Amino acid sequence: MFDWFAVIGRNTVDFLARLGAEFLLFLQTVKGFYALIWRPSLVIQQLFSIGVRSMLIIIVSGFFVGMVLGLQGYNTLVDFGAEESLGVMVALSLVRELGPVVTALLFAGRAGSALTAEIGLMKATEQLSGLEMMAINPVERILAPRLLAGIISMPLLAAMFSSVGIFGGYLVGVDLLGVDTGSYWSQMQSNVDFHKDIVNGVIKSAVFGVVVTWIAIYEGYTCLPTSEGVSRSTTRTVVYSALTVLGLDFLLTAIML
Amino acid sequence: MSVNDNNLVRIRDLHFSRGRSKIFDGIDIEIPKGKITAIMGPSGTGKTTLLKLIGGQLKPQKGSIQFHGEEIPTMNTKKLYDARKKMGMLFQSGALLTDMSVFDNIAFPLREHTDLPEVMIRDLVLMKLQAVGLRGARDLRPSQLSGGMARRVAFARAIALDPEMVMFDEPFTGQDPISMGVLVQLIRSMNDSLGLTSVIVSHDIQETLAIADKIYIISQGKIMGHGSPEQMNQSKSPWISQFVHGDADGPVRFHYQACPYKEDLMAECHIE
């Protein structure tokens, strides 16, 4: 019977130790941001790799999500004679929720898994050890630029997603289904609040950027240096990121409302 | 460290464990300046771990590791990094940065640690590549290099900052005879011409004995023997003799522990 206690106790201690180690590594990585002020090229390289290369999937997905919102929104609103509010509905759905959340999920799948695989393979091929032996801190040189680039990229990608989605909703609602173009834009303009809706959406996407990028980086840095280890870590990155984003979304929405 | 001490690295009473597994159980090693010291032993003995301990990537549970008279395990980060700039390391896999060309890999430590202009860095890199015979391969990527070429590029990178000591982790493993011969000759000639101190971790007997000035043989956490290659070849120790001559049986048994063969065949053997 006491074995149960020992197992629970040991697992709890291990979990807390891992959490503590992860937090310390996070602090070290954030401390590495300072050195990047003098080496912006490192961040710019990662902005291209993480942000620019994710643009295609974000834009295409945003466009289709916007079109679906336009279609579904019109279908529902027309029963209440409120189809002129389609613009508001599409904009608020995207800016408050779908933009940050779907972008974060896509970002985790595309950029997050790539980051984990890259760092994991660097570990497996001893490149990280090589950097240490060349008196270069891998946390500052490898992790910090990627984390900063992820934090910068996410809000920008979420904004692109929402913008393209609004356009997709316009294409379906106005051009295809006949909603008045003036109503679509003017209602959006009067009812979407900059601070309550847009800024909160940006805050959400920034938080998701930190979380998703950090999970990806941490999983890569701590993976087992084998092919199976890298494979498991990339899977964990996507799963943990998705669950964390959805959980945090609820929390942030509850706080912001 | 006394004025007359000719040892660049001094290890005393080193104890290191991984979990419950005792890797080093109180070993003493001295690595003399300007010489090639080989650390040899069976696979899994902890030879690579020893290099990581010397480089400060791991910390021992007990014991002293001195580099230039200063304790490596107790150094702060800045001092440790300063010490590492005086060390080069050639990893078994080469550990080249795969997103850079050969030229950029060798220029990397120069760009990170010096303020030299690009013109001078270019000259230095070409000199290092010339020394290892790969000046024409400067624009290739690591994925385009053969194993032997990758090791030579890694060697060029290890000496980019003109260190005092270079550590080689299994440099001959997986190499064809020609690549091996090239690497053996390079290590010896560079050690002599640059005044390096070299530490080679290997279990390739012939190649290592051909160039080493001093050899340590480690097994089961202890030093089984040390001395010059001639002393190792003529050693009366059955263990060293088995290792150096590659005998299948000896103190390290060929057969894994089992009950007598006849009993096993007759199904009379009971394993507890």
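What share of the contacts in chain B with a separation of 6 or more comes from residues 24 or more positions apart? I looked this up before anything else. The share is 63%. I note here that the model is predicted.

**Entry: chain B overall**

I find 10 helices and 10 strands in its secondary structure. The C-alpha trace spans about 75 × 45 × 35 Å along its principal axes. For the accessible surface of chain B I get about 13,700 Å². Carbon and sulfur atoms hold 51% of that surface.

**Entry: the interface of chain B and chain A**

I then turned to the interface. Chain B puts 21 residues into the contact, and chain A puts in 16 residues. The area buried between the two chains is about 1,600 Å². Carbon and sulfur atoms give 57% of it. I looked up the polar side too. Eight residue pairs are in polar contact across the interface, both partners being at pLDDT 80 or more. Three elements of chain B give two or more residues each to the side that touches chain A: α2 (77-85), β6 (87-90) and α3 (102-113). The largest share, four residues, comes from α3(B). By class, I list 11 nonpolar, six polar and four charged residues on that side of chain B.

I also searched for salt bridges between chain B and chain A, and the count is two. One that I checked joins Arg141(A) to Glu112(B), with the closest N and O atoms 3.1 Å apart.

**Entry: helix α3 of chain B**

I stayed with α3(B). Its buried residues are Val102(B), Phe103(B), Asn105(B), Ile106(B), Ala107(B), Phe108(B), Pro109(B) and Leu110(B).

**Entry: salt bridges**

A search of the whole structure gave me 21 salt bridges over all chains. I opened three of them.

The side chains of Glu97(A) and Lys204(A) meet at 2.5 Å, N to O. Glu97(A) sits in helix α5 (residues 86-124) of chain A and Lys204(A) in helix α9 (residues 194-221) of chain A, so the pair ties together parts that are 107 residues apart in sequence. Glu97(A) is partly exposed, at 24% relative accessibility. Lys204(A) is buried, with a relative accessible area of 3%.

Lys78(B) pairs with Asp82(B) at 3.1 Å. Both lie in helix α2 of chain B, four residues apart, which means about one helical turn separates them. I have Lys78(B) as exposed, at 60%. Asp82(B) is partly exposed, at 31% relative accessibility.

Lys79(B) bridges to Glu70(B), with the closest N and O atoms 3.2 Å apart. Lys79(B) is partly exposed at 43% relative accessibility. Glu70(B) is partly exposed at 35%.

**Entry: Asn191(B)**

Asn191(B) lies in helix α6 (residues 177-194) of chain B. Is Asn191(B) buried or exposed? I find it buried, because its relative accessible area is 1%, and the cut-off is under 20%. A polar atom of its side chain lies 3.2 Å from the backbone oxygen of Gly34(B). Leaving aside neighbours within four places in sequence, I list contacts of Asn191(B) that include Lys35(B), Ile36(B), Leu196(B) and Thr197(B).

How values were computed. Residues are numbered from 1 along each chain as its sequence is written. Chains are lettered from A and ligands numbered from 1 in the order in which they are written. This is a predicted model: local features need pLDDT of at least 70, side-chain atom pairs count only at pLDDT 80 or more; totals for chains, interfaces and linings use all residues. Side-chain values use heavy atoms; hydrogens and water are left out. Contact means heavy atoms within 4.5 Å. Buried area is the accessible area (1.4 Å probe) that two parts lose on being put together, summed over both. A salt bridge is a side-chain nitrogen of Lys or Arg within 4 Å of a carboxyl oxygen of Asp or Glu. A polar contact is a pair of N or O atoms within 3.5 Å; within protein, one must be able to donate a hydrogen and the other to accept it, and residues adjacent in sequence count only if both atoms are side-chain atoms. Ala, Val, Leu, Ile, Met, Phe, Trp, Tyr, Cys and Pro count as nonpolar, Asp, Glu, Lys and Arg as charged, and the others, Gly among them, as polar. Buried means under 20% relative accessible area, exposed over 50%, partly exposed in between (1.4 Å probe, protein chains only). Accessible areas come from the Shrake-Rupley method with a 1.4 Å probe; for residues, only the protein chains shown count as cover.
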